[in-house]
Amino acid sequence: MAAVPDPAGVGAGRDPAGVGVGRDPAGVGVGRDPAGVGVGRDPAGVDAGRADAQGYAADWARAVRRLGFVPLSAAETERLLLVHTIRLAQAVRAEPFSARPAEEVGWALVEAHLTEPQALDWTLHALGADFADRVLGALDRPADLADRIAAVQGGLAAGFARALRDRTFSQQERIARSAWQARDEVEQALRDSEARFRAVFTGAAIGIGIAGVDGRIIDVNQAFADMLGYSMEELRGTNVAALFHADDAAGMWELYQELIEGKHDAARVEKRYHRKDGSVVWTDLAVSLIRYDDGRPRFTVAMIEDITQRYELQQRLRFQALHDPLTGLPNRTLFFETLARVLDGADNGRRVGVCFLDLDGFKAINDSLGHDLGDRLLVMIGRRLAACVADHGHLVARMGGDEFVILVDGGDDIDDAVAVAEAALAAVASPVHVGEHQLAVSASVGIVQCPAAETSPSELMKAADTTLYWAKAAGRGRWAVYDPERSARDIARSALVAGLPAALDRGEFVLHYQPIVSLLEGSMLAVEALVRWEHPELGLIGPDRFIGLAEETGLIVRLGEWVLRQACHDAERWWRQFPEARLVVSVNLAARQADDPAIVETVADALHTSGLPAELLQLELTESAVMGSADEPLRSLYRLAALGVRLAVDDFGTGYSNLAYLRRLPIHCLKLAGPFVEGIRADGTDVAADHRDERIVDALVRLAHALELWVTAEAVETEVQAERLRALRCDTGQGRFFGAPAPADTITARLRGGRTA
C-alpha cells in the first residue's frame, strides 16, 4: 500500500503523540509558546481578552482523556490540542475559506491515537456548540460563520474517518505480508493439522496438488484442476510425469525423483504444463516434501500459480530490449552479450572475428528519397545479410543507423572472415527495389579475427571500427583487414592531433631556418622559416608529421600566425644587428591562411609589432593555392603585395601551372619543385633523364625571367647540382648543400662570421 502523507507533520518511528524525541508534542520549537507561535503573540490571531483557545483546548483534552485511553500525558495532550484548536480557528476565519485544515486535524487526531468514537462525538458537538464564542470572540466573525462551522465539523469527521480507514488498510497490509512470510511455517504445520490444511487447500486461489512418492496424484484443489483444464476426478490417480511439457520432462522427472528420495525438502521452478486441450500454461511451481515423523518421505505438496501472461510479457519485453525494432535483428546489446559469452567460453586456440559493415552513401539516400524509404532499405539489407550467413549460423546484428555487424564464431584463419565479408558485400551490392525506386547500394567492411583468449568485446569492436574507417577511406564497396601496426600508427597520429592545441599553448614549437644562397655570388640572401615541435616525449618532430594534422584540424591558422610573428621577430633582430646583410625571411602560408579574410591584417600587425621592414618578409604559397585563388583570396594577394611584402610560389611545376593566370598575379619569386632539381644527378645512371630534367629547369627559369620573377631552386644536395643551376642562370638555391635547417642562433653566428656557402 502506498505511503500516506502525514498531515500532522510527524513521521514514522516517533512517539505516540506523533512528535520527535526531545521535542514538545505539539511539534513546536524550543523557546516558543505552546501554540507554536512567537512569544507575545495571540495564538489564535485574536485578542486574548475575547477568545479562550487555551481554555477550549484544556476542556477538549479533559474530555478526550475521560472518554478513552490516551497514550499522552495530560500536559502533552493539552499542548497538542491547543495547536489543533488554533488551526481550526484560523481555518474558520481564513479567506478564502477551506475545510482542508479541519480534515488535516481529523487525520492528526488519529495519528496521535485519539481514536475513541465518543471523543470524536464530543469534539464535533463542541465545535457546533461554543467553539465560535470561546475561541473566535465576538468581533470580526465571518458572515457565513454557521456554514463554515458545519463545513469544519464535516471536514474534521471526514479526515478522521479517512485516517482510520487508511490505518486499517495499513494494518491489513502488514497482516498480509506477515501471512506470506509465514507460508513456509504454514506448510510445516500442515502435517500437524489436517483440518487447517483442508481449509487452506479447498479455498486457496492458487493450485495445490498432493502426490505420493510414486508420482501419482492423491488430490488436487479446484484451482489446480481449472488451471490445467481437467476435472478434479480426472487428475486424481494421474502420474505427475504425464502433465510435464515434453521439453521439460527429463529434467523435471529427475528433480522430482531427487525430491521424493529425500535429497531435497523443497524446490521451486518456472515450468510449462500441457493443458487438456493441448495448449501450454507457464507456472510458478513450488514443491515441498512432507516426511513421516521418522524422516521418511511421505508425499509431496505442489503449489502452482499461472504466470503465462507474465512470462509472455517478459519474453516480449526481453525481445524488444535485445532486438532492433526496425529490422528485427539482434541489437548491439544482444550482440555484445553474445560476444562476451563466446569469448568467456572459448577454449585455447579458438578464433573469433567480426565483420563490421557500414552502407556507403546512406545519408544521401535518406536526404534525397526520405527516411521512410531509407528505413525500408535498411530492412531489406538486414534480411539479405541474415540470409547470406544463415547456413553458417553467424549472428547478424544492427548496431544502429546504417551499421551492421556479423559475428564469425570459429574459423581457422582470416580467410574465413574475409569470405563472410565478401558474401555480405555481394548480398548488399545486388540491386534493391524499394517502392518505385531501384537503388544501387554498396558497403564497406572492417574485418578483425584473432584468438578468443587474446581479446575482449570492447577491444575487438574498437579494432573493427578502426578497420571499417580504413575501408571507407580506401573507397566504396570493399573490405579491409585489421593491421595492428597500422593501428598503432593511427593511435600515435591521433595522440599528436590531440596534443597540438596544448603544445601551441605551452610554447613547444620552435623555428629552424634554412639558408637561401645566391648561386652567382654565394652569399646568403634569405632564410626559410621551418617549424619544429619539441615534443616532451618524442623529442624534436619534423613538420611532415604534424603540419598535415594541423591543416586537417584547422589549427594551421593559429600555428601559421605564430610562425609568422616569431619569424618576423627573429628577422628584425638580424636586420638590426647586420643591416648590411638585408637578410630576407621566407615564411610559408598554408592554403587556409591564404583564404583567411584577416590574413592581410595579421601580416601587417606582425610587421608593425616586430618592426621588420616589409621588403624583408617573403610569404610562400603553394602553386595550387595561388593558382586556385579567386575573389577574396586573390584580392588578399594584391593587398599583401601592396604592403611591400614579397610573394613566392612554392613547389612550382607540381600544380596547376596556369601560366596565363600566373602572369596576372603579384608574384615576385618562383621556387622550383624539388623533383626537378633532384633529377639533375652526377652519378650518370640515367643520362637521358638528367638531360630531360635539366631542359625542364632551363625552360622554367627562362619562363620565370620572362615574367620578371626571381627563381629559387629547392633540394640542392650536391655541388654538381649547384653548378648546373648556376649555368642555367637560376638565381638562388636552397638545400643541404648550402646548409641544413638550424636554430636562429646558428644563422646569427653565420651572419657574424660572414659565411656565404
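These legends accompany several close-up views of the predicted model. Local features need pLDDT of at least 70 and side-chain atom pairs count only at pLDDT 80 or more, while totals for chains, interfaces and linings use all residues. Residues are numbered from 1 along each chain as its sequence is written, and side-chain values use heavy atoms, with hydrogens and water left out.

**View 1. An open sheet of five strands is ordered β2-β1-β5-β4-β3, with antiparallel pairing.** At its edges are β2 (217-220) and β3 (266-274), each pairing on one side only. Neighbouring strands are turned by 25 degrees against each other on average, direction ignored. Strands (E, at least two residues) and helices (H or I, at least four) are DSSP runs numbered from the N terminus, and two strands pair if DSSP finds at least two bridges between them.

**View 2. Here β3 meets β4 (residues 280-291), antiparallel and joined by nine bridges.** Look for Y273, which stands opposite V281 in β4. K271 lies over the face of Y273, 3.8 Å from the ring centre. A charge sits over a ring if NZ of Lys or CZ of Arg is within 6 Å of the ring centre and within 35 degrees of the ring normal. The charged end of R296 is likewise placed over the ring of Y292, at 4.4 Å from its centre.

**View 3. Helix α12 (residues 308-322) lies across β3, β4 and β5 (297-306).** The helix runs at about 120 degrees to β4. Axes are lines fitted to C-alpha atoms, for helices over the stretch in contact (heavy atoms within 4.5 Å), and angles run from 0 to 180 degrees between N-to-C directions.

**View 4. W470 and Y482 form a stacked aromatic pair, 6.0 Å centre to centre with 5 degrees between the planes.** W470 belongs to helix α17 (residues 457-474) and Y482 to the loop between β12 (479-481) and α18 (484-506), so the pair ties together parts twelve residues apart in sequence. W470 is buried at 3% relative accessibility, whereas Y482 is partly exposed at 27%. Buried means under 20% relative accessible area, exposed over 50%, and partly exposed in between (1.4 Å probe, protein chains only). Rings of Phe, Tyr and Trp (its six-membered ring) pair if their centres lie within 6.5 Å; planes under 30 degrees apart count as stacked, over 60 as edge-to-face and the rest as tilted.

**View 5. Y513 and W574 form an edge-to-face pair, 5.0 Å centre to centre with 80 degrees between the planes.** Y513 sits in strand β13 (residues 509-518) and W574 in helix α20 (residues 556-577), 61 residues apart. Y513 is buried at 0% relative accessibility, and W574 is buried at 2%.
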